[in-house]
Structure formats: structure tokens, C-alpha cells
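Biologist: I would like a close look at a single part of this model. Please take me through it step by step.

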Amino acid sequence: MKIHEYQARQVLRDAGIPVPNWELVSKGEDAGAAFERLGMPLAVVKAQVHAGGRGKGGGVKLVKSAAETREKAAAMFAKPLVTPQTGAAGKEVLKVIVAHAVDIQREIYVGMVVDRSRGLPVVMACAEGGVEIEEVAARSPEKIIIEPVDPRYGLQPFQARKLAFALGLGDGPLLKQAVDILTKLARVFDRHDCSLAEINPLVVTPDNQVLAIDAKVNFDDNAEFRHPEWESMRDPTEENAAERQAHETGLSYVSLDGTIGCLVNGAGLA
């Protein structure tokens with residue numbers, strides 16, 4: 001189950017991970033007021049859709065005034081957002097966030113997934129943040145640091161320090177902040193039964209603060225029975241109609257393109 005960035009930000013903040021302030025709006029005219037309430041000279045308007053690559057499609061805009069914020073938000077609401085992950089039809093934007101803009105010195109990637117080959121969750125980290133991790137994996141796989149996590153004990157302090165050092169953050173306050181964030185991210189992954197918990201980018205500011213300014217969290221549907229709170233976080237407008245109907249009736253279903261289907265029974269030998 002996917003959730004929006006603003007929801008993922010709240011999950012991280014609830015875990016004690018530092019996230020810049022933001023406001024959620026569903027109308028262009030409300031975005032300007034949100035800019036004023038944030039009280040910062042710069043803000044960023046970000047479309048809330050279940051798709052990556054929003055910046056490439058015009059779904060992330062830096063703004064410097066309330067009027068500009070209203071204009072950029074209204075433009076996002078006006079037409080579907082097309083990104084490399086949405087297909088040509090794009091996705092309708094029903095919500096945007098207006099968030100504090102951050103002065104960035106460095107961008108880093110950190111995330112957790114389940115490594116099926118190891119049978120364990122792993123922390124993935126890369127000193128190159130702000131880009132899709134798949135791009136780095138294809139271009140420079142050696143730059144991705146992988147640290148397996150024993151689910152019985154969680155991410156251990158020595159592992160978090162090892163990752164922070166490998167990311168070039170072994171310098172006093174940066175090391176301490178990075179270790180704290182990595183440890184809390186691992187707890188989020190475990191406690192919320194995530195299939196993905198990603199901060200991209202995790203940034204270092206010129207005044208040596210480490211902040212999560214974008215987040216992506218997916219929940220493992222198999223654990224839904226343990227998390228009744230997930231239902232309030234589900235956005236049915238982002239789901240395929242057939243998949244939504246199947247979910248409501250307790251069926252597993254994935255909608256695929258094409259004109260030929262193969263219905264089989266067995267161990268995937270068809």
C-alpha cells in the first residue's frame with residue numbers, strides 16, 4: 001500500500017526524524033495563505049501523487065511569494081501531472097503541499113527494503129541523493145552501500161555509525177544526527193511493517209543540520225490486519241478502479257496492460 005509524501009513526512013516526524021514544516025492544501029487559492037503562515041522567504045510546492053519523478057514533470061516548484069505559490073499550485077491542479085512513472089495519461093493532482101525550502105549543501109539517499117535474496121531487511125545508502133536510486137544502481141552500483149539488518153535486534157549502533165562514516169558524515173554533530181536518523185528510520189520500517197521506507201534526499205545544510213526533505217513509504221499489504229489505522233491513510237483516487245474493488249472484497253488483483261491473458265494454477269511454471 002502506497003501513501004502520499006505528506007503522510008510519509010508525518011510518519012517520519014512522529015518517529016522523531018527532523019522534517020521541515022509543511023501545509024497540505026487542495027485549492028490553489030489556499031496555497032498562498034499557506035506560504036504566508038509558514039513565514040519563510042522561500043517555499044516549495046509539491047504535487048501529491050503516487051508517482052516518482054514529479055520534478056521532471058513540473059510537480060515540484062520553488063516559490064518566493066504568496067502570489068507565486070497560488071499560481072504554481074493552481075497550475076498543478078489544472079491538468080494531470082505526467083512523469084516517467086505515470087504514463088502518458090498522467091495523474092490528476094488533488095492535493096499539494098507547501099513546505100519550507102531548505103538551503104542544501106549535500107544530498108544523500110537512505111532507504112530500507114526487504115532483500116529477498118538475503119531474506120532480511122537491508123539499509124541502502126548512497127552519497128548521491130536527490131536522484132532515483134535505480135539510476136545510480138544502473139550507472140554506478142558500487143556507490144550503493146548495503147547493510148543487512150537482523151529483524152530480531154534491529155539496526156545496531158555500530159551499523160548506523162558504519163553507514164554514516166561511509167556516507168562521509170563522520171564529523172562530530174553530523175555523525176550523531178545521521179546515526180539517530182538511520183536508527184529511527186529502521187524502527188519506522190519495522191514498526192509500520194513497511195515494504196519500503198525511503199528518504200531521498202536526506203540533506204546536510206550549511207549550518208550542519210541533517211534533515212529529511214522528501215520521503216516515500218510503502219506498507220506491506222500482508223500486514224494490514226495488524227494496522228487498522230492504514231485505512232484512513234489509503235487514497236482510493238490513486239488506485240486502479242478494478243484493484244480497489246478487489247481490495248474491498250478481499251481479493252488479490254493486479255491490473256496489467258495488453259490484450260492476452262494467461263490464467264494458471266501452480267508454482268509459476270506456466
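Biologist: What is the order of the strands in the open sheet, and is their pairing parallel or antiparallel?

Modeller: Keep in mind that this is a predicted model. The open sheet has 4 strands, in the order β1-β4-β2-β3. Their pairing is antiparallel. The edges belong to β1 (22-25) and β3 (60-63). Each has a single partner strand, so one side of each is left without a neighbour in the sheet. From one strand to the next, the twist averages 20 degrees.

Now take one pair. Strand β2, residues 43-47, joins β3 in the antiparallel sense over 4 bridges. Here V45 faces K61 of β3, standing opposite that residue. In general, strands of a sheet pair through backbone hydrogen bonds.

Next come the helices. Helix α1, residues 5-14, packs on the sheet. This helix touches β1, β2 and β4 (96-100). The direction of α1 makes about 145 degrees with that of β1. Helix α3, residues 66-78, lies across β1, β2, β3 and β4. Against β3, helix α3 runs at about 165 degrees.

Look along α3 itself. Its 13 residues reach 18 Å from first C-alpha to last, close to the 18 Å expected at 1.5 Å a residue. Four names matter here: A66, T69, A73 and M76 are buried. Seen down the axis of α3, the buried residues fall within an arc of 90 degrees, so they line one face of the helix. Their cover includes α2 (28-38), β2, β3 and β4. On the other side of α3, E71 and A78 are exposed.

How values were computed
Residues are numbered from 1 along each chain as its sequence is written. This is a predicted model: local features need pLDDT of at least 70, side-chain atom pairs count only at pLDDT 80 or more; totals for chains, interfaces and linings use all residues. Side-chain values use heavy atoms; hydrogens and water are left out. Two strands pair if DSSP finds at least two bridges between them. Helices (H or I, at least four residues) and strands (E, at least two) are DSSP runs, numbered from the N terminus. Axes are lines fitted to C-alpha atoms, for helices over the stretch in contact, and angles run from 0 to 180 degrees between N-to-C directions. Contact means heavy atoms within 4.5 Å. The expected span of a helix is 1.5 Å times one less than its number of residues. Buried means under 20% relative accessible area, exposed over 50%, partly exposed in between (1.4 Å probe, protein chains only). The arc is that of the directions from the helix axis to the C-beta atoms.
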